[in-house]
Each structure stands twice: as structure tokens, then as C-alpha cells.
Amino acid sequence: MYTRMARSALAHSLLTFLLSLPFVPSHASSPSSTFLFGGCTQQRFAPGSAYESNLDSLLTSLLNSATYSSYNNFTVEGSSPQDVVYGLYQCRGDLSMPDCTMCITRAVTRAGELCSKTCGGAVQLEGCYVKYDNDSFLGVEDKTVVMKKCGPSDGYEAGPMGQRDAVLASLASEGGLYRAGGSGEVRGSAQCIGDLSAGECQDCLSEAIGRLKSECGTAVFGDMFLAKCYVRYTTGGAGQQVYPQAHEGKSTDEGSKAFAIIVGLLAGVALLIIFVAFIRKAFEANGK
């Protein structure tokens with residue numbers, strides 16, 4: 001019991017501290033941290049409940065994993081079915097690990113602000129995505145439209161629109177979860193959530209591309225985000241930046257500092273947990 005309480009307290013303290021750290025001032029935010037959309041479930045949990053403790057543990061796991069992997073999902077079991085929490089995160093395929101770490105930290109922070117005391121929440125930033133819920137969504141196909149944005153129509157021009165269609169066709173035919181390409185002045189990108197199979201990813205992207213072409217028409221840019229994938233394009237630099245800035249593929253100073261701080265804190269907490277467990281076993285052995 002003591003070890004479990006200690007772990008819970010340490011995880012909660014770590015998460016609270018991490019989310020309070022001003023890694024990058026708001027005026028100097030990386031473009032990858034730009035907020036796109038977010039949402040919360042209606043069901044709420046009670047302060048101090050087992051679900052809150054499990055959610056803290058899940059979010060800590062997301063932050064820890066983001067220091068070495070661009071995608072992961074977790075399930076934290078509870079003593080009862082209603083206390084189980086599921087979650088995942090994913091960074092854009094071209095982000096460096098320090099920038100991924102910084103982006104996920106900001107996404108988790110934003111989710112906490114938007115969805116305080118709700119059982120589920122999701123946040124999409126320019127460079128990463130975080131979602132958690134008490135209903136399992138891992139490995140489940142979902143082609144619900146969660147965000148659509150179309151730029152102004154510039155009238156049909158065979159050149160740009162032909163290039164756009166070529167880019168979208170290329171994105172559809174490529175393999176992998178993250179895809180990017182260009183033709184002339186048109187740039188595009190697409191990505192699936194990592195819990196989808198290759199076939200499910202292809203199905204999701206085909207749906208998103210079809211919707212993007214039919215619903216955005218001849219718009220100079222378009223974004224179509226489904227629950228498990230997205231497709232974006234821009235013509236001549238109009239609208240959203242679907243490609244990173246030249247420096248974003250490299251570690252920024254702020255991203256490197258965030259990366260180092262989080263790794264150090266998580267390592268320290270891991271050592272504390274091991275120390276507490278060792279002390280407990282020592283007391284138990286002396287008591288026999």
C-alpha cells in the first residue's frame with residue numbers, strides 16, 4: 001500500500017511540475033505548437049478519485065514516452081472498469097525528438113486546461129496530437145470529421161488544380177503513416193494515427209482526400225481532419241503551413257532544453273520509486 005501511494009504521489013507531483021514549466025514563452029512558441037482544435041467528453045471524474053490518479057499516471061507515461069518515440073499508446077488498468085483510462089499521442093512525422101517532446105508537453109498542458117476534470121479529452125496542435133478517454137478507442141477505425149477548413153476559391157485554374165490533384169493522388173498512393181509531397185507550387189501532407197493498420201490507414205486517407213476535394217472544391221488551401229487521419233494541402237503558400245519551416249526539422253534550443261529537463265526529471269522520479277520500493281522491502285525483511 002505504501003509503495004502504491006508513494007508512486008501515485010510521485011507521479012502526480014511530477015506531472016503537475018512538468019505542466020507548470022514555462023518551456024517556451026508564448027510569444028516564442030514553435031510553429032509546431034500552434035493550436036488547431038480540441039474537444040472534451042461530458043463525463044467528469046471526482047477530485048481525488050482512482051480515475052484521476054490513473055489519468056495522471058497515463059499522462060506521465062505519454063510525456064515520458066515522447067522523449068524517445070514519436071508515437072505510443074497506453075492503457076492504465078483500474079480496480080474497476082470505470083477507472084480504466086486509455087490514451088495515445090503522436091507527433092508529426094518530420095519532427096525531431098526534442099520538438100516532439102515540447103509539442104506533446106504543450107498538448108498535454110492544453111488538454112488539462114480545456115478538459116479539467118473530464119474523463120476524456122483530445123488536442124491537435126500543428127505538430128502533434130494527444131487523446132485520452134475512459135472508453136477504449138485504441139485500434140478502432142473512426143472516419144468522423146473533426147475539423148474542416150477550406151481557403152477561398154480562386155476559380156478553377158488548370159495548372160494549380162491539376163498540381164493539387166497530382167499531390168493528393170501521390171499522398172494516396174504512398175505507403176506509411178506520414179506522407180508529404182509537392183508539385184509545382186502545391187504542397188501537401190497526410191498522416192494516420194499509429195494505432196491503425198496499413199489497410200485502415202489507406203481507407204481513412206482515401207475518405208479524407210475524397211472529402212477534401214469535394215468539399216473544398218477549388219480552394220487555395222484545404223485541411224481535412226478525420227478522427228484517425230488528416231490530409232492537407234496549400235497552393236502557393238496560402239493558408240495553413242502544411243510543411244514545417246526550414247529550421248523545424250532540427251532541434252531548437254528550447255526543444256533541446258525541454259527534452260533534457262523532462263528526461264532528467266523522469267529519471268529522477270524512477271530512481272525515487274525504486275528507492276521507496278527498496279526501503280519498503282528492507283523494513284519487511286527486518287520485520288520477519
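**Close-up 1. The disulfide of C40 and C115.** C40 and C115 form a disulfide in this predicted model, with their sulfur atoms 2.0 Å apart. The torsion about the S-S bond is about -80°, so this disulfide is left-handed. C40 lies in strand β1 (residues 35-40). C115 sits in the loop between α3 and β4. The pair therefore ties together parts that are 75 residues apart in sequence. C40 is partly exposed, with a relative accessible area of 38%. C115 is buried, at 2%.

**Close-up 2. K117 in the loop between α3 and β4.** K117 is placed in this loop. Its phi is near 65°. That is a positive value in a residue other than glycine. K117 has a relative accessible area of 32%, so it counts as partly exposed. C119, by contrast, is buried, at 3% relative accessibility.

**Close-up 3. The disulfide of C150 and C216.** The sulfur atoms of C150 and C216 are 1.9 Å apart, and the two residues form a disulfide. The link is left-handed, with -75° about the S-S bond. C150 belongs to strand β6 (residues 145-150) and C216 to helix α5 (residues 198-216). The pair links distant parts of the chain, 66 residues apart. C150 is partly exposed, at 31% relative accessibility. C216 is buried, at 8%.

**Close-up 4. The disulfide of C192 and C201.** C192 is joined to C201 by a disulfide, S to S 2.1 Å. This link is right-handed, with 85° about the S-S bond. Both cysteines, C192 and C201, are buried. The count for the protein comes to six disulfides. With bonded cysteines counted along the chain, the pattern is 1-5, 2-3, 4-6, 7-11, 8-9, 10-12.

**Close-up 5. The largest nonpolar core.** This core holds 26 residues. L55, I104, C128, V130 and Y132 touch the most other members. Two or more residues come from each of α2 (50-65), β3 (85-91), α3 (97-114), β4 (121-125) and β5 (128-133).

**Close-up 6. The contacts of C128.** Residues up to four places away in sequence are not counted here. C128 touches S32, Q90, C91 and R92, among others. Its contacts also include C103, I104, A107 and V123. C128 and I104 are both among the residues that touch the most other members of the largest nonpolar core.

Notes: Residues numbered from 1 in each chain as written. Predicted model: local features only at pLDDT ≥ 70, side-chain atom pairs only at ≥ 80, totals over all residues. Heavy atoms only, no water. Core = buried A, V, L, I, M, F, W, Y, C linked by side-chain atoms within 4.5 Å. Buried < 20%, exposed > 50% of the residue type's maximum accessible area, 1.4 Å probe, protein only. Helix = DSSP H or I, 4+ residues; strand = E, 2+ residues; numbered from the N terminus. Contact = heavy atoms within 4.5 Å. Disulfide = S-S within 2.5 Å.
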